[in-house]
Amino acid sequence: MSDTPFGFGLPPEEPEDGDEGKKKDQQSGGGQGPANPFGFGGMPGAGGFGGPGADNPLAAMFGSLNPTDLGAAFQQLGQMLSYEGGPVNWDMAKQIARQTVAQGTADGSKDASVGPSERKAVEEAVRLADLWLDDATSLPSGSASAVAWSRAEWVEATLPAWRELVDPVAERVGAAMGDVLPEEMQAMAGPLIGMMRSMGGAMFGTQIGQAVGVLAGEVVGSTDIGLPLGPARKAALLPANVEAFGKDLGVPLDEVRLYLALREAAHQRLFAHVPWLRSHLFGAVDGYARGIKVDTAKLEDVVGQFDPQNPEQLQDALQQGMFQPEDTPEQKAALARLETALALVEGWVDAVVHAAAKPRLSSADALRETLRRRRATGGPAEQTFATLIGLELRPRRLRDASRLWASLTDARGVDGRDALWHHPDMLPTATDLDDPDGFVHREQMDFSELDKMLGEAADKPNLKKDAEKDDKAEGDDTE
């Protein structure tokens, strides 16, 4: 897993000649750091980190400054400063993500179009996975189609979901940028504030684009982080990443693909047939984000020293993190709700997939443990939220939740276990994860009498109308 947040590159290596080497490196503009304010080091013709003209804060964008590159760079800068959309420049995010994907992954793997044989293999894996899952869950298939995506196609398909997740947080930064100036100065500094907001949108767009682009090189499907990032009812796998995932596991590729198809198909069943779940998860993220406060002292310092010729200052501030979770009971409760919801989703998928795969795949245990560890260590998606809002989308209690769902299966059967998804109030809580046996053997709520009462109440108006019709009919006969 990558541990490089937002694709900003690794810290510069320690020079062999100690402090003198550091000084020379700083003077020559070498190494990595703010010399690349926009993260465009991989753009065609760009000098990149430590490249020609790296002592110029725009060198990473302007590259070798030949006429062609210079014109493109000024066009890019013009797009930044003229942006008047929302808090994130999503056009730029998409562009940066596509560029990051085109550069390939750290191990040299390049993106490529998916061939017919790979598409067929994914379709057959998802079809077989759905057959196996029929025995492990009462929820019917949630996959209307199975698709094989390239990394670039994954970027295109998931950006709408990233937008929904990130915009509320970025909006807080945009508002804070205008609030840090005294009110009497805001009218005079209107153009500056507008430019800063445009640059802020560009910086957010760059960061999100880089993070999504790096993540596209690692994910194996559309639900890897426990959130439904792709279109509804579309099970997706990325053949290139599936192959890379199974490369050193000593497991046949067909088994790896099938196990990952089981996980993707299980997620699709859950999100398709629990209609409130998607909004519940996204709402939990938004609820947590609302409790984040902007470090106005840091932002004021950035604004006070803002130099239009050094826009990387804004990026540095964002990279270091300007958000601090409020230490309030409400914020702690919001975080607990989110972590519990993520753990319950991932735990259910883990338990259901294991039940479906264990009797049929000899590699089921090894693949299960590998994926558990992969989820626990996190990756670029974790770092995106951790840097932006101090939030990690890591299901910390995955194993606890998986054990609870497995125990529920033993005690109540598949139907009784899956019935808990009918309403969020029926799901286990964080306390129940601490005492799974207590929850499993707790007396089940009997909704039959309530359903009967509701049904009778719904029938009463109809009975009244029928009686009125009969009375009217009798009156007509009398006449």
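Me: How much space lies in the second largest cavity?
Reply: This is a predicted model, and in it the second largest cavity holds about 40 Å³ of space. The search of the whole structure turned up three cavities of 30 Å³ or more.

Me: Which residues line that second largest cavity?
Reply: Its lining is made up of Arg-263, Glu-346, Asp-350, Leu-371, Arg-372, Arg-375 and Leu-398. Sorted by class, five of the lining residues are charged and two are nonpolar, with no polar ones.

Me: And which helix gives the most to that lining?
Reply: That is H15, with three residues, although helix H14 (329-357) and helix H15 (364-377) each supply at least two.

Me: Switching to helix H10, what span should it have, and how far apart are its ends?
Reply: Helix H10 covers residues 253-273, and at 1.5 Å a residue its 21 residues should span 30 Å, which agrees with the 30 Å between its end C-alpha atoms.

Me: Is H10 enclosed or open, then, and why?
Reply: H10 is largely enclosed by the rest of the structure, because 17 of its 21 residues are buried.

Me: What about the largest nonpolar core, how many residues does it have?
Reply: It has 90 residues, and those with the most contacts inside it are Trp-154, Trp-162, Leu-277, Trp-348, Trp-405 and Trp-421. The largest share of this core, 13 residues, comes from H14.

Me: What does Trp-154 touch?
Reply: Leaving out residues up to four places away in sequence, the contacts of Trp-154 include Trp-149, Trp-162, Val-212, Leu-215 and Leu-238, and also Gly-221 and Ser-222.

Note on methods:
Residues numbered from 1 in each chain as written. Predicted model: local features only at pLDDT ≥ 70, side-chain atom pairs only at ≥ 80, totals over all residues. Heavy atoms only, no water. Helix = DSSP H or I, 4+ residues; strand = E, 2+ residues; numbered from the N terminus. Expected span 1.5 Å × (residues − 1). Buried < 20%, exposed > 50% of the residue type's maximum accessible area, 1.4 Å probe, protein only. 1 Å grid on protein atoms, 1.4 Å probe; cavity = no way out; pocket = protein on both sides within 12 Å on 5 of 7 lines; lining within 4 Å. Points joined across faces, edges and corners; volume = space filled by probe spheres on them. Nonpolar A, V, L, I, M, F, W, Y, C, P; charged D, E, K, R; others polar. Core = buried A, V, L, I, M, F, W, Y, C linked by side-chain atoms within 4.5 Å. Contact = heavy atoms within 4.5 Å.
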